[in-house]
2 protein chains.
Amino acid sequence: VDLVTTALAGNRRAIARLMTLIENGQEAARNAIAQLYPYTGRAYLIGVTGSPGAGKSTLVSQLARAYRSAERRVGIVAVDPTSPFSGGAILGDRVRMRDLFTDPSVFVRSMASRGNLGGLARATADVVKVLDATGFDPILIETVGTGQAELDIAQLAHTVVVVVAPGMGDDIQAIKAGILEIADVLVVNKSDCTDAERTAAALEMMLELGSGHGARRSALSSDFMRVAADDASQSAAAATDHWHPLLVKTCALVGEGIAELVEAIAHHRQYLETTQELGLRDLTRLVNELERIVRDDLMKALLNGIDQVSLSDLVARVVAREIDPQTAARQLIG
Amino acid sequence: VDLVTTALAGNRRAIARLMTLIENGQEAARNAIAQLYPYTGRAYLIGVTGSPGAGKSTLVSQLARAYRSAERRVGIVAVDPTSPFSGGAILGDRVRMRDLFTDPSVFVRSMASRGNLGGLARATADVVKVLDATGFDPILIETVGTGQAELDIAQLAHTVVVVVAPGMGDDIQAIKAGILEIADVLVVNKSDCTDAERTAAALEMMLELGSGHGARRSALSSDFMRVAADDASQSAAAATDHWHPLLVKTCALVGEGIAELVEAIAHHRQYLETTQELGLRDLTRLVNELERIVRDDLMKALLNGIDQVSLSDLVARVVAREIDPQTAARQLIG
């Protein structure tokens, strides 16, 4: 019996081995994913992101426990080298999460960040597929950071939870510019801190101003997306993006506010299901994934077709300012 | 007389118009860049990055004033919608920086973040080329955030200044994982705050532990880089990366520590010049730029070669889980 069949039967060791194949970028992984793919598309994907130290991991572990108490099989993917799930944090954190590591209905996978962010996004999407196909639902995806990582989560998850630590009152401008736009649910964590109320109040005010939710999402549309998704999907996307991000205050360390967060996520899911958005997010995610693979594979094909000497020569001329990068690119492709 | 010639003669309006062409991605920009390119490679590029609210903009404006007092012509590129340079912040900040906006030897350009991060990186690199060719030196590049944006700065700048706000004592793990690895100079800003000493002490300890500087940089090497740079460059890269990040405490608002920061940057520059690293950073930057352009242009060529209906059909089959994205990508390319 092959690895995929064993994994689909629920064998944890087979699941872990598949993930290792994926992380190592092996050809066998491609075939396995092709085999698994028809079984995907069932799990609900929840992204949890925010700045370092906001308490994402603790929040993820509390969420996992909440879903476990509802008899759900929970997948956790940590794309964050500092996460306790990745073994990157202090021992105390791991001890606090021991119940999750030993629970047979929880699968924790840490994605090693090996520098190549593009490859990481691709591998993460595939690891999520493995969890999805093998019956884990929901799947919690924890990533650190602002910028591209957040955008990638926005594309991968059905519901994006952005965690904000209190005491950022003066940085509201910054939050406004980046984070609010991808949040479906905003969490102000550690609500025992003195600044939490002020942060929450400021965020609430901004949410009421309806600050640009959806702007970032529509901006995701690449040329590829525009060509690949038909007109109906695109006008539907334009029409349905009226979700108003929910605000939840939590103190993850002691479990306060977790029930409210679970409810907020469920509420957002219901919204996605009653509008056409759930299907649209699936579409967006898959088109983006397809685009990423096409880009990578085109590049690989190009590299296979040129010899190292002539590429090195061309680069040397660019460095010597004899030829500009765009002209050089044309020569390489042409 | 054409736009490029006028810009090279120092005409500010021509320079601004070139930058607008670039931002709008117009074909005319390509030709202009090709014309300008032989005049580039002279400016020293300083990246300033860090989390929102760390005080990057104030620091950049103080750095600009310091270089102005040494009669340098200073370019400022703000890739941050919340930067006062972008008009995104409160009026008070802009008023404080009025001297820079009205100084004929300072050129401030804000890059609008229009969602397409790939395009933004490409446009920023080209705007920096315009400033470089028209005699601005140094060029200060301010970007927000962790993740991909920082990596891109690391590739664009000769010296990367990472600004850290105090009070992050508990988040050292997070800093360790991401920011330290790309910092040539670490700034603890707002050193009047109570937590600054503690933050600085913790960072200093980590710097002494020699925590992973260069790990991120070498991880940047893509397949493309491996093929494009010759063996000599690569072994030189491996041999010379022994810079030990400098730590500077500043209170940018009142100008404290700015002289020390200027000195730290000069020190790093000297290091780059006495080793082979300056040339290597130039090489890395240009190879990465070339790779980005090749990727984009390959994608455009692919999209021009397929009709919308068959691409939409393929996507529909992926969404229906009939065919997995990797197999679909093969069909598209093949």
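The crossing of helix 15 of chain A with helix 16 of chain B is right-handed, the near helix being turned clockwise from the far one by less than a right angle. This is a predicted model, in which local features need pLDDT of at least 70, side-chain atom pairs count only at pLDDT 80 or more, and totals for chains, interfaces and linings use all residues. Residues are numbered from 1 along each chain as its sequence is written, and side-chain values use heavy atoms, without hydrogens and water.

The axes of helix 15 (residues 277–305) of chain A and helix 16 (residues 308–319) of chain B come within 10 Å and cross at roughly 115 degrees. Axes are lines fitted to C-alpha atoms, for helices over the stretch in contact, with angles from 0 to 180 degrees between N-to-C directions. Helices (H or I, at least four residues) and strands (E, at least two) are DSSP runs, numbered from the N terminus.

Chain A also holds an open sheet of 7 strands in the order 3-2-4-1-5-6-7, with parallel pairing. Two strands pair if DSSP finds at least two bridges between them. Strand 3 (106–110) and strand 7 (246–249) of chain A are at the edges, each with a single partner strand, so one side of each has no neighbour in the sheet. The twist averages 20 degrees from one strand to the next.

Two helices of chain A lie against this sheet; contact means heavy atoms within 4.5 Å.

| Helix (chain A) | Reference strand (chain A) | Angle |
|---|---|---|
| Helix 4 (residues 56–69) | strand 4 (139–143) | about 175 degrees |
| Helix 14 (residues 258–274) | strand 7 | about 165 degrees |

Key:
Chains lettered and ligands numbered in written order.
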